[in-house]
Amino acid sequence: MTRRTRDFTVLLGTTALVLFLLALTGALGLIEALSALGVIASVALAYFVGSAARVPQGVADTWADKPAPEPAEPGPGLFAALPLPALEIGPGQKIMAFNRAADDLFQLANLPFARASAVIRSPVLLAAIDQALERTNAAPISAELETGPDETWRAHVSRIPAGKNVLVLMEDLTPVKRAARARADFLANASHELRTPLTAISGFIETMRGPAKDDTAAWPRFLDIMAGESDRMSRLIADLLSLSRIESSEHVLPRGRENLAEIVSASLAALEPIAAGKGVTLTINAAPTEMPEMTAHRDELVQVVENLVSNAVKYSNAGSTVTLSFGAAPSLAEARITASQQWTLSGRMTLLQALARTSAPEAAVWLRVEDQGPGIEREHLPRLGERFYRADQSRGGKITGTGLGLAIVKHIMAHHRGGLAVETLMGQGTAFGVWMPTGRDA
């Protein structure tokens, strides 16, 4: 017997008992009591049958047993499985349900029965929600929200079919916007870097064809400048191709097993003539322990060593020393400290944080390149590693280069799940450190 049926039975039983007592005491005749009981029973039966027709099957049995409405909470089923932040909003802009991603975005767990206007600060989105609530056949609405200086979201608002609520789905456009800005900046910077040497070459060609046509004594100087600008364009194109190749394969982890000591030795052998030509001494401080093999791409790590050492030589004066240190560490954290935190009172900046695969410590290797140059001002440290940003903008002097060396190093270390950091002391020198996990044996 359901609770609804039991309630009607108790009501009729109580009525019959009262009429029987009245008839027993003489206050009501027996015929009148039976007639009244029949009328009441007929009305109650008619109401019982008629009201049951308006209660859907399955709901009538549990209607009285349903608890009071609960505060809004993460929704079940497909709603909770959505990877994007999602909100179900009912009349009055009350948040009826949300998934875990929406809770992380809006912090809704501590706001039961909250209105959308209490957590959403965008008038455009609130207006779209009101429009969807008011219009049954309203088409889905999309709105872009600027939630921060460098954060953009797109909200999709649509009416839930056969209901009064609306669904708000949030899509993070920040990576797309950043990529678009980076692409635009890259094209602008690349075109500028190529235009400068092309303009110089074109100018000297025009000069040699015109005013200096008969001044053959000046031609060797003009040709030397043109050759230098041509080499500059060649280096830029080579760096751009290298950066593009690294980016295209950045999602594929290296598989070869290499030894860092051998890579360092091969790289310095190629750089010795360049350092000697500038009067700079290259020294190596190898770890006393044997270096473990690591999962790495050999050519890319050679490029890391050559870029860091050539930069150090470039900013060093004649008679100074560039020191290259490397070794192994039991964890990425210790490798980072050894590679980038050796000087007291220095300015430091982690340009790329290493990605650990597990919570357990991973064996790692590290590399540190120190110069005795002028150092880098602290305000410039965050920009190191940006494409086309040249350190001579902060370290002074006319230093030639493409401004892509550190960007290439940063992408290579990201490819190897490694890290990159800089440490500097004004007037004493700068050190760049890299570290990466050794990886599992193949």
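**A guided tour of the predicted chain**

In the protein chain, residues 24 or more positions apart account for 69% of the contacts (heavy atoms within 4.5 Å) with a separation of 6 or more. This is a predicted model, in which local features need pLDDT of at least 70 and side-chain atom pairs count only at pLDDT 80 or more, while totals for chains, interfaces and linings use all residues. Residues are numbered from 1 along each chain as its sequence is written, and side-chain values use heavy atoms, with hydrogens and water left out.

Begin with the whole chain. The protein chain holds 13 helices and 14 strands; these are DSSP runs, numbered from the N terminus, with helices being H or I of at least four residues and strands E of at least two. Of its 442 residues, 38% are buried, where buried means under 20% relative accessible area, exposed over 50% and partly exposed in between, with a 1.4 Å probe and protein chains only.

Select residues 260-278 next. This is helix α9, with 19 residues, reaching 26 Å from its first C-alpha to its last, close to the 27 Å expected at 1.5 Å a residue; the expected span is 1.5 Å times one less than the number of residues. The buried residues of α9 include L260, I263 and V264, and what covers its buried residues includes β8 (281-286) and α10 (298-314). After α9 comes G279, whose phi is positive, near 80°.

Now display α10 together with helix α13 (residues 405-415). Their axes come within 9 Å and cross at roughly 145°; axes are lines fitted to C-alpha atoms, for helices over the stretch in contact, and angles run from 0 to 180 degrees between N-to-C directions. Among the residues making the contact are E300 and L301 of α10 and I408 and V409 of α13.

Move to the loop between α13 and β13 (419-425), the place of H416. H416 is buried, with a relative accessible area of 3%, and the residues it touches include P254, H297 and M436. R417 is found in the loop between α13 and β13 as well. R417 has a positive phi of about 55° although it is not a glycine.

Finally, select Q93, in the loop between β2 (86-90) and β3 (94-98). Q93 is not a glycine, yet its phi is positive, about 60°.

Notes: Lists of a residue's contacts leave out its neighbours within four places in sequence.
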